[in-house]
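Thanks for coming, everyone. Please take a look at the structure on the screen, and then I'll walk you through it.

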Amino acid sequence: QVQAVQSGGGSVTPGGSLNVSCVVSGRTYTRYFMSWFRQAPGKERELVASISWSGDSRYYADSVNGRFTISRDNTKDAVYLQMNHLEPEDTAVYYCASLRYPGGADTDALRRLEYYDLWGQGTQVTVSS
């Protein structure tokens with residue numbers, strides 16, 4: 001059974017830092033783009049960051065570019081999101097996800113929820129003073 005298990009997150013004051021982790025288990029082929037999405041109350045789930053299997057291609061939403069860093073460890077089939085200079089607007093449930101298809105992907109494809117077939121359970125990140 002393939003599953004993605006998340007950890008990390010929590011609560012922090014504005015300007016603080018948090019990280020979230022996602023470890024995938026149960027799959028033999030791992031060369032997929034991995035992404036982080038987030039969903040705030042009353043809003044749609046949005047793409048935050050994506051990373052290719054090699055790590056050579058990374059995408060960041062404009063709202064987090066320069067503050068968040070996505071990385072991965074292919075020996076563990078894990079993906080991470082380091083979040084710095086957090087703002088109240090970053091408050092959301094964060095989800096890791098694996099793209100359905102191996103190989104490359106453009107940013108339009110990366111944004112489409114239906115192109116992902118494996119999701120983590122979600123992790124709450126709260127930024128509040």
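**A buried ring and its neighbours**

Let's start with Phe 37, which counts as buried because its relative accessibility is 0%. Buried here means under 20% relative accessible area, exposed means over 50%, and partly exposed is in between, with a 1.4 Å probe and protein chains only.

A word on the ground rules. This is a predicted model, where local features need pLDDT of at least 70, side-chain atom pairs count only at pLDDT 80 or more, and totals for chains, interfaces and linings use all residues. Residues are numbered from 1 along each chain as its sequence is written, and side-chain values use heavy atoms, with hydrogens and water left out.

Now the rings. How many aromatic pairs does the structure hold? Six. Rings of Phe, Tyr and Trp (its six-membered ring) pair if their centres lie within 6.5 Å; planes under 30 degrees apart are stacked, over 60 edge-to-face, and the rest tilted.

One of the pairs is Phe 37 with Tyr 116. The pair is edge-to-face, with 5.0 Å centre to centre and 85 degrees between the planes. Phe 37 sits in strand 4 (residues 32-39) and Tyr 116 in strand 10 (residues 116-119), so this pair ties together parts 79 residues apart in sequence. Strands (E, at least two residues) and helices (H or I, at least four) are DSSP runs, numbered from the N terminus.

Tyr 116 counts as buried too, at 4% relative accessibility. Tyr 116 also pairs with Trp 119. That pair is tilted: 5.7 Å between centres, 55 degrees between planes. Trp 119, at 25% relative accessibility, counts as partly exposed. Phe 37, Tyr 95, Tyr 116 and Trp 119 form one aromatic cluster.

Next, charges over rings. The test is NZ of Lys or CZ of Arg within 6 Å of the ring centre and within 35 degrees of the ring normal. The charged end of Arg 45 sits over the ring of Tyr 95, 3.7 Å from its centre. Arg 31 lies over the face of Trp 53, 4.0 Å from the ring centre.

Last, the disulfide, a pair of cysteine sulfur atoms within 2.5 Å. The count is one. Cys 22 and Cys 96 form it, with sulfur atoms 2.1 Å apart. Cys 22 lies in strand 3 (residues 18-25) and Cys 96 in strand 9 (residues 92-102), so the pair ties together parts 74 residues apart in sequence. Both Cys 22 and Cys 96 are buried.
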